[in-house]
Amino acid sequence: MGRSGCLQTGDYSLAGLEHLVGIERKSLGDLVGCCTRGRDRFVRELERGRGLDLFAVIIEANMVDVAEHRYRSKAKPHSILQSLAAWQVRYGTTFLWAGSERGGAYWCHSLLSKYLSEQERRSRVVTVHLNEVIVYRKAGSSLQKQNRGHP
């Protein structure tokens with residue numbers, strides 16, 4: 001998360017895992033723009049995100065901010081919320097209401113940290129299982145049982 005560069009999907013990721021995880025952060029105004037004038041571009045982002053292990057959109061506002069029309073656009077709150085519901089179902093994207101920019105930073109850091117921890121845990125489990133795999137190899141005309149790593 002410390003390096004900056006150009007990501008194909010999302011605003012944040014993990015170095016070396018950009019092809020697996022992406023986080024998009026949106027202010028309330030940005031979110032409304034993604035549901036209106038920037039809809040086509042945002043849908044392309046969601047389509048790219050569908051191919052990741054984890055893709056989430058962190059909204060730096062509350063759902064009440066949308067419901068009570070606390071934004072400049074004339075777009076109806078119901079339309080904004082229904083777009084999010086449709087996209088969550090259609091693209092499998094998680095939309096998190098963070099409440100504020102600080103909440104957005106918290107969620108972003110937490111999701112990326114948890115993702116990395118989970119990947120490391122899975123890697124250890126796979127390594128352990130690979131070391132326990134029994135390999136059968138053909139020796140002459142009969143099969144012989146051999147534990148991996150041992151002749």
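Residues are numbered from 1 along each chain as its sequence is written, and side-chain values use heavy atoms, with hydrogens and water left out. As the model is predicted, local features need pLDDT of at least 70 and side-chain atom pairs count only at pLDDT 80 or more, while totals for chains, interfaces and linings use all residues.

The protein contains 5 helices and 5 strands, taken as DSSP runs numbered from the N terminus (helices H or I, at least four residues; strands E, at least two). Their order along the sequence is β-α-α-β-α-α-β-α-β-β. Of the 151 residues, 37% are buried, that is, under 20% relative accessible area with a 1.4 Å probe, counting protein chains only.

Glu24 belongs to strand S1 (residues 21-26). Glu24 counts as buried because its relative accessibility is 5%. Its side chain makes a polar contact of 2.9 Å with the side chain of Lys26; such a contact is a pair of N or O atoms within 3.5 Å, and within protein one must be able to donate a hydrogen and the other to accept it, with residues adjacent in sequence counting only if both atoms are side-chain atoms. Beyond its neighbours within four places in sequence, Glu24 is in contact (heavy atoms within 4.5 Å) with Gly10, Asp11, Phe42, Glu45, Phe55, Ala56, Val57 and Ile58.

Terms used
Buried means under 20% relative accessible area, exposed over 50%, partly exposed in between (1.4 Å probe, protein chains only).
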